[in-house]
Amino acid sequence: MTLKDFMNEAISPWMRENGPDSDIVLSSRIRLARNFADAVFPTVATEEELEEIKAFFKSSYDQQSFDDYQDLEFISIQDLSTIERRVLVEKHLISPLLAKNTQAGATLISSNEQVSVMVNEEDHIRIQLYYPGLQLAKALKKAFAFDDWLETKVNYAFDETKGYLTSCPTNVGTGMRASVMMHLPALALTKQLNRMIPAINQLGLVVRGIYGEGSEALGNLFQISNQITLGKSEEDIISDLQGVVQQLIEHERHARERLMQQSPTKLADRIYRSLGVLEYSRIMESKEAANCLSDVRLGIDLDMIKNISCTILHELMVLTQPGFLQHYAQKALTANERDVLRATLIRERLQLEK
């Protein structure tokens, strides 16, 4: 795929596939932080030093392929417009921090968008690998293989006692962040989630919004990830996260069942009101759109809404973000113009489902 393809498709190819428990777990992600052993880390490096790292990745990996990850596209952040950078953030292909690095930042993205390598973010290398549904162990195995492939050309900064060395001490050790994106509308509606979050934090995990640290949990989407990287193996971290996620899945399913049993009419009214708002509104803010899309996705999962694809939450959550809306319009838009276009695109997309 080319940069144009990455920009024009709201939903990544891998997101169209179903995975285990994909009605609740939208995706599993493994992120590995790595640095060159013989180079100054990005947080204190000069622009010239970072440019050397960037040039190495372009010459070594542009248009290369490994396993299922074909035709890696090298993209320099400085070559992107503000809107294009925002779109890549909204698709989770780069981080907000990398989007700000308009000098030496770059990324490599596979044609199926399942793997992206961020260059010169907080660390020299940040590998991101995604799978649909709850597939942490499989994602870790694939991430290890990709990591080994990169390491054939890169001498990583590694200490026998401390593990992988990173710019931030919280990533030292495995250098790994494992996370899952979960849709938890029933736990949010029944206000159980707020009681669960402190307990989850005590287990060394953290609950964040859709775009990670500092972001809001739009549309009842929550990212659950590990905080501890030192003193545990990658497999142990994955096992701990998997156990908590499976408990959350069980609690979410029970909460959905209780809502269906105790308040079926009230639940149906909420879901169909949200569907009506999406189908007929002429102006819609992003938060309202996210909440309505969450209700509709719940209705699809509960088999109350039968004529709309379950991938609609993935697609419209990206399609209706500010960056993608402006890319679609091919110009900068005011907040009101974005709200009008957002409502229009949602109506058109829902009409295509019928």
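The model is predicted, so local features need pLDDT of at least 70 and side-chain atom pairs count only at pLDDT 80 or more, while totals for chains, interfaces and linings use all residues. Residues are numbered from 1 along each chain as its sequence is written, and side-chain values use heavy atoms, with hydrogens and water left out.

The protein has 13 helices and ten strands; these are DSSP runs numbered from the N terminus, with helices being H or I of at least four residues and strands E of at least two. Its radius of gyration is 21 Å, close to the 20 Å that the globule rule gives for 354 residues, so the protein is as compact as a globular protein of that length. That radius is taken over C-alpha atoms, and the rule is 2.2 Å times the number of residues to the power 0.38. Along the principal axes, the C-alpha atoms fill a box of roughly 65 × 45 × 30 Å.

Of the 354 residues, 57% count as buried. Buried means under 20% relative accessible area, exposed means over 50%, and partly exposed lies in between (1.4 Å probe, protein chains only). Among contacts with a separation of 6 or more, 71% join residues 24 or more positions apart; a contact means heavy atoms within 4.5 Å.

The largest nonpolar core has 105 residues. Such a core is a set of buried Ala, Val, Leu, Ile, Met, Phe, Trp, Tyr and Cys residues joined through side-chain atoms within 4.5 Å. Helix α8 (residues 234–262) gives the largest share of this core, nine residues. Leu-248 is among the residues with the most contacts inside the core. Leaving aside neighbours within four places in sequence, Leu-248 is in contact with Met-182, Leu-187, Leu-193, Met-196, Ile-200 and Ile-224.

Helix α12 spans residues 322–329 and is mostly covered, with six of its eight residues buried. One of these is Gln-326, which has a relative accessible area of 8% and is therefore buried. A polar atom of the Gln-326 side chain lies 3.0 Å from the backbone nitrogen of Leu-333. Not counting residues up to four places away in sequence, Gln-326 touches Ile-83, Arg-86, Lys-331, Ala-332, Leu-333 and Arg-338.

Ala-329, also placed in α12, counts as partly exposed because its relative accessibility is 28%. The C-alpha atoms of Ala-329 and Leu-341 are separated by 8.5 Å, with the two residues twelve apart along the chain. Just after α12, Gln-330 takes a positive phi of about 60 degrees.

Methods. Polar contact = N/O pair within 3.5 Å; in protein donor to acceptor, adjacent residues only side chain to side chain.
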